[in-house]
Amino acid sequence: MSAYAYFPGCSLSGLGKPYDESLRAVFAHLGLTLQEIPDWNCCGATSYMSVSEEKAVALATRNLALAEQMKLEVLAPCSACYLVLTKAQHVLKEYPPIAAKVHQGLEAAGLSYRGTASVRHPLDVLMNQVGPQAIAARITAPLTGYRVAPYYGCQMIRPYGSFDDPLRPQLLDTLMTVLGAQVVDYPVKARCCGGSLMGTMEEIGLRLNYLLLREAKARNANVLTTVCPLCQYNLEAYQGQMTKRFGESAHLPVVYFTQLMGLAFGLQPKALGLHRNFVTAAPLPVMA
Amino acid sequence: MGSEATHCRYAEDVNPAFPVEIMAKPGGEALRSCIQCGTCSGACPMSVHMDLTPRRVIALTRAGLERDVLESATPWLCASCYECQVRCPRDIKVTDVMYALKRRAIEKGLYPKRFPIPVLAQAFYRMIASHGRNSESRLVIELMLRTNPLGILRMAPLGLKLLRTGRMVVGQDRVKHPEQLKAMLDAMEES
């Protein structure tokens, strides 16, 4: 079946390891192959663009050039990577002077990019390529008792809205319903978690993430699901501090959508990296 | 009345080249057509924390009040969530304008001092230029050493938890061929 040029990005070997594990497990279960882009480099994330625009585009384009050689679509699970790679393609098309500079850099590195790579997020591939029916056919353990707040965050859907509405996205809601979970109405589902602000301006980061968790709890969710390693980390790792700071429990399991898919497919929690999550209360399985 | 109301601006505070140069940057083209409706400020999840709202940043940029804009925390607090950009009725690429302002603030050395966000951006820039990949733990430690050394102690429990769950890369992750990356970035310095 289909194969993808896998761009894990830096986070998926660190904070986002459970995302990498569950994504690989779910894709393998569905007969999809992931071939890691050889010697990929950091996409540049949001920070690089703050220092040099041309070089930021070049960093992203080097990865696209490597993927182009593989003649496969790029799979980018981290929202920041997904956006940066997508944005590079737009900038190359819309701003010829930047494109010229980037091509000059690539050439010096012995590379070239013709502009044919296509970048996909796993949620897009799973819902629009594999499709809800094929997913439903694999379910052996429907997510009964799961009341899920579907959290999309920002950069997977904005600004381009390539595969879902940039302000009122739906695909994750649909996927969760297919998996047998109850989806709670979650109006803040596309509101930003603040990204790296948790590391630089903790007061602000705590408040933004607390508001997201509080809303999920007020809507009676018992688990929140994310599509991005930074959102997952911000929402999960600081719950103790938020509870202390705001005097109201911020405790809620926060898992990747691929982890929930794997559970519904009957895969072992450990193969989905669930033992690496900090918060694993019910409805998640008890970890040994 | 806050000090703001009594702080007047005069002709000598204006740099007429500033708006022209920002509008010439990718994403800055539509700045001229801003109607100051405030949709960007209303949509922004950070605006309550900002000294200038995004709408005011646009107004001050167009007025050429460069120092006010570049010394503001606002461009740095922009987390690039693109909500303003998607909602803008005049199709202004507000997030991209914020990026252009960040870069100009660094170039001119005008970003707010002792403010951790530009420190992080530049540390990240150096790490990627030399190693090609980001190691989250190392970046956090460098940021802390530069801005808040005592904060490292407070971060320790979280660090241990990440280590225990196998979610921390301890060494520096790097590409196999940093020289290829360096060749690419160096070649872009030449005009």
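The legends below describe close-up views of a predicted model.

**View 1. The contact between chain A and chain B.** In this predicted model, 68 residues of chain A and 63 residues of chain B take part in the contact. Together the two chains bury about 5,700 Å², and carbon and sulfur atoms account for 62% of that area. On the side of chain B, B:Tyr125, B:Arg167 and B:Met188 supply 14% of the area buried against chain A, more than any other three residues.

**View 2. Polar links and secondary structure at the interface.** Seven salt bridges are found across the interface of chain B and chain A. One of them joins the side chains of A:Glu202 and B:Arg154, with 3.5 Å from N to O. Polar contacts across the interface of chain B and chain A involve 28 residue pairs, with both residues at pLDDT 80 or more. Several helices of chain B give two or more residues to the side that touches chain A, including H8 (94–108), H10 (136–147), H11 (151–164) and H12 (178–187). Helix H9 of chain B gives the most to this side, with nine residues. By residue class, the side of chain B that touches chain A holds 35 nonpolar, 12 polar and 16 charged residues.

View 3. A:Ser47 belongs to helix H2 of chain A, which covers residues 45–49. Its relative accessibility is 10%, so A:Ser47 counts as buried, the cut-off being under 20%. Apart from neighbours within four places in sequence, A:Ser47 is in contact with B:Leu120, B:Ala121 and B:Phe124. Within chain A, the C-alpha atoms of A:Ser47 and A:Ser196 are separated by 9.1 Å, although these residues are 149 residues apart along the chain.

**View 4. The aromatic pair of A:Tyr4 and A:Phe27.** Over all chains, the structure holds nine aromatic pairs. The ring centres of A:Tyr4 and A:Phe27 are 6.2 Å apart and the planes stand at 75°, so this pair is edge-to-face. Because A:Tyr4 lies in strand S1 (residues 3–6) and A:Phe27 in helix H1 (residues 17–29) of chain A, the pair ties together parts 23 residues apart in sequence. A:Tyr4 and A:Phe27 are both buried.

**View 5. The aromatic pair of A:Phe7 and A:Trp40.** The rings of A:Phe7 and A:Trp40 form an edge-to-face pair, at 5.3 Å centre to centre and 70° between the planes. A:Phe7 is in the loop between S1 and H1 of chain A, and A:Trp40 is in the loop between strand S2 (33–36) and H2, so the pair ties together parts that are 33 residues apart in sequence. A:Phe7 is buried, at 0% relative accessibility. A:Trp40 also counts as buried, at 2% relative accessibility.

**View 6. An aromatic cluster in chain A.** A:Tyr19, A:Tyr256 and A:Phe257 are linked into a cluster by ring pairs.

**View 7. Surroundings of A:Asp173.** A:Asp173 is placed in helix H8 of chain A, residues 171–178. With a relative accessible area of 12%, A:Asp173 is buried. The side chains of A:Asp173 and A:Lys189 are joined by a polar contact of 3.4 Å. Not counting residues up to four places away in sequence, A:Asp173 touches A:Pro150, A:Tyr152 and A:Val183 as well as A:Lys189.

Note on methods: Residues numbered from 1 in each chain as written. Chains lettered and ligands numbered in written order. Heavy atoms only, no water. Contact = heavy atoms within 4.5 Å. Buried area = accessible area lost by both parts, 1.4 Å probe. Salt bridge = Lys/Arg side-chain N within 4 Å of Asp/Glu carboxyl O. Polar contact = N/O pair within 3.5 Å; in protein donor to acceptor, adjacent residues only side chain to side chain. Helix = DSSP H or I, 4+ residues; strand = E, 2+ residues; numbered from the N terminus. Nonpolar A, V, L, I, M, F, W, Y, C, P; charged D, E, K, R; others polar. Buried < 20%, exposed > 50% of the residue type's maximum accessible area, 1.4 Å probe, protein only. Phe/Tyr/Trp six-rings, centres within 6.5 Å; stacked < 30°, edge-to-face > 60°.
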